Amino acid sequence: MSREVEWRLHTKRADFNEIAERLGISPVMARVLVNRGLDTPEAQEEYLYGTLSCIPDELLLKGMKEAVEILQEKLREGKPIRIISDYDVDGVTSNYILYDGLKALGADVSYDIPDRIRDGYGMNVRLVEEAHADGVDTLLTCDNGITAFESIARAKELGMTVVVTDHHQVKEGLPAADAVVNPWQPLCPYPFKTICGAEVAYKLMKKLAEAEGKPLSSEKYLEFVALGTVCDVMPLNGENRILVREGLRVMEHTENVGLRALLEAEELLGNTLTAYHLGFRIGPCINSEGRLNSAKDALKLFLCEDPGEAAALAAETKHLNDERKNATLSGTACAIQIVEEERLCDRDQILLIQVPGLHESLAGIVAGKVRERYYRPTVIFTESAEDPEMLKGSGRSIEAYNMFEGMKSAESHIDHFGGHPMAAGLTIRKEELEPLRRQMNEEAGLTGDQLTEKIFIDVPMPLSYVNLTLAEQLAQLEPFGTGNPKPLFAERGLAVEGVKTFAGGKVGFLTLRNERGERVFAKSFDMESLIESIKVWSEHAECDKIEKCVKLDIMYRVSIDTYRDRKAECIVEHFRRSTVDDGKESS
């Protein structure tokens with residue numbers, strides 16, 4: 001059966017015809033722009049036609065001037081600099097930008113990345129002391145550091161210089177670094193706060209290169225900024241949208257040998273790239289190194305200049321990601337089996353599940369998939385690799401539930417935890433799992449409405465209205481992602497006249513007839529669920545001919561099919577039994 005969602009319609013008002021005429025787009029496109037909160041001519045123009053010149057000056061970032069001056073002094077003096085990043089995609093891309101850029105400026109520079117299992121997130125005292133033992137003078141963080149109070153204090157005790165570049169929110173004041181570059185720090189005038197760590201690193205490198213009289217080319221590092229932005233789930237609006245759009249364009253002809261090899265390994269070289277490819281193809285390969293091996297191997301790939309060696313490294317990275325995908329599928333299936341067998345959704349609002357044998361680095365991915373399936377805040381626990389008496393958990397939440405606060409309310413059962421409203425991690429003793437589950441659920445207080453996902457339709461629009469011109473206009477709205485979702489349309493009362501499946505029955509085409517008697521077509525990547533639902537709704541145990549069994553309401557997106565020839569197609573995103581003509585409630 002399809003996942004139950006509540007269908008809602010955007011009701012924002014504007015003069016859509018005026019917007020369409022002014023921008024040279026269709027009224028449908030104008031509605032979508034307004035639905036995205038773009039309600040001024042300036043915002044609409046920048047969204048559609050913005051360029052790199054629209055991005056604010058890097059010196060508006062508080063601490064940028066000081067960071068540049070410190071690094072210039074270290075370059076002149078030949079002092080050893082070490083970059084320390086996070087182990088995810090944003091961390092690896094940040095590290096690459098700083099390392100490659102500083103190397104090009106003649107710096108004595110090295111890098112380090114924490115081990116996910118051994119070190120956990122961010123710079124720690126061990127990494128600081130190792131750097132000092134290696135003769136490092138200056139520590140430069142990226143995608144971390146804003147909460148590294150203890151390790152930065154240790155670095156200062158050892159007489160080291162510390163420059164922090166980060167993008168995470170400031171919660172407890174600033175560490176005692178020599179310079180901090182972070183748009184979230186108090187009194188920072190930079191107008192666009194939600195940038196990723198790679199973009200902060202890029203801005204620093206851009207100003208440093210400029211100060212050294214060796215300005216970066218307009219396209220330098222943009223593909224890595226785009227990769228970090230998408231994979232760190234930054235909102236794709238404002239300057240993020242511009243940088244990702246331009247970065248995707250640059251990536252299609254990237255000169256980075258390692259990235260080209262990874263694109264080739266993923267069979268993407270020569271294709272038109274989208275944010276989907278970054279978030280679901282390239283990004284997971286990089287993340288798999290940090291999850292199952294070492295993120296240093298991903299950085300090594302980007303720094304590789306030999307095509308043969310790069311091809312071998314990319315193949316290893318892809319193989320590791322395939323292993324990660326298989327382990328994730330297995331872990332997700334196990335978690336779902338537990339939910340179903342124990343009927344957890346009937347009992348709990350917050351799902352806390354221990355998955356035996358799951359690698360702890362995959363707990364967050366599995367939690368996200370279980371959350372998506374059941375629309376319940378979910379915490380997945382695995383046995384700690386360091387201490388078999390402990391469990392490590394990773395949680396993913398829904399809009400109505402602040403997971404960080406939920407854990408805080410039950411912290412008497414938790415050894416330590418941290419995170420944000422939508423994602424958090426924790427460590428507990430095994431015997432505390434059941435008391436923790438009980439308390440978090442007793443205090444959750446979520447209503448049935450809050451536990452029902454809401455999906456917003458941009459425009460109620462007949463499928464017959466879709467053509468290649470409209471599809472090409474809608475493609476201008478890419479890149480899609482957080483903060484810039486794909487436009488969704490809907491039509492009610494469609495009679496199913498035929499179904500054609502392929503790919504083992506998972507994918508297929510629907511032949512439909514609308515209320516005006518027009519024959520229309522749609523493609524589904526969830527045909528098994530759709531056919532199963534129709535069988536149930538038509539009250540047949542076996543329904544070999546599903547034609548005209550039931551009418552459907554279809555929520556769909558518009559895409560461009562380039563197979564054989566270029567044409568528009570409608571992709572089913574959600575479906576339900578239609579209420580048209582039969583008076584029955586939708587499922």
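N321 counts as buried, at 3% relative accessibility, where buried means under 20% relative accessible area, exposed over 50% and partly exposed in between, with a 1.4 Å probe and protein chains only. The structure is a predicted model, in which local features need pLDDT of at least 70 and side-chain atom pairs count only at pLDDT 80 or more, while totals for chains, interfaces and linings use all residues. Residues are numbered from 1 along each chain as its sequence is written, and side-chain values use heavy atoms, with hydrogens and water left out.

N321 is placed in helix α14 (residues 307-341); helices (H or I, at least four residues) and strands (E, at least two) are DSSP runs, numbered from the N terminus. Residues up to four places away in sequence not being counted, N321 touches P284, C285 and S288, a contact being defined by heavy atoms within 4.5 Å.

An open sheet is formed by 5 strands in the order β3-β2-β4-β5-β6, with parallel pairing; two strands pair if DSSP finds at least two bridges between them. Because β3 (109-112) and β6 (179-181) stand at the edges with a single partner strand each, one side of each is left without a neighbour in the sheet. Neighbouring strands of this sheet are turned by 20° against each other on average, direction ignored. For such angles, axes are lines fitted to C-alpha atoms, for helices over the stretch in contact, and angles run from 0 to 180 degrees between N-to-C directions. Within the sheet, β2 (residues 81-85) and β4 (residues 138-142) are paired in the parallel sense over 5 bridges, and I84 stands opposite T141 in β4.

A further open sheet has 5 strands in the order β7-β8-β9-β11-β10, and its pairing is mixed. Its edge strands, β7 (351-354) and β10, each pair on one side only. The twist from one strand to the next averages 15°. Strand β9 (residues 390-396) is joined to β11 by 7 bridges, and these strands run antiparallel; the bridge partner of M390 in β11 is R429. Two helices pack on this sheet. Helix α14 touches β7 and β8 (378-383), and its direction makes about 120° with that of β7. Helix α18 (residues 433-442) touches β7, β8, β9 and β11, its direction making about 165° with that of β7.

G419 has A424 as its bridge partner in β11. The loop between α17 (403-409) and β10 (416-419) contains A410. A410 is buried, with a relative accessible area of 0%. Although A410 and L436 are 26 residues apart in sequence, their C-alpha atoms are 6.6 Å apart in space. The contacts of A410 are L436, Q439 and M440, again without residues up to four places away in sequence.

The largest nonpolar core has 74 residues, of which I97, L102, L140 and I286 have the most contacts inside it. Such a core is a set of buried Ala, Val, Leu, Ile, Met, Phe, Trp, Tyr and Cys residues joined through side-chain atoms within 4.5 Å. Beyond four places in sequence, I286 touches V89, V92, L227, L262, A298, F302 and T317. A second, separate core of 42 residues includes F480, F489, L494 and M527.

Helix α9 (222-231) is mostly covered, with 10 of its 10 residues buried. Among the buried residues of α9 are E223, L227 and C231. The cover over them includes α5, α8 (197-211), α10 (238-251), α11 (257-265), α12 (275-292) and α13. V233, which follows α9, has a positive phi near 55°.

Helix α9 also contributes to the second largest pocket: α5 (89-104), α9 and α13 (295-303) each supply at least two residues of its lining. On a 1 Å grid over the protein atoms alone, a pocket is an open set of points where a 1.4 Å probe fits, with protein on both sides within 12 Å along at least five of seven lines, and lining residues have an atom within 4 Å of a point. The lining comprises 21 residues, of which Y96, K220, E223, E255 and N256 lie nearest the centre of the pocket. The largest share of the lining, 5 residues, comes from α5.
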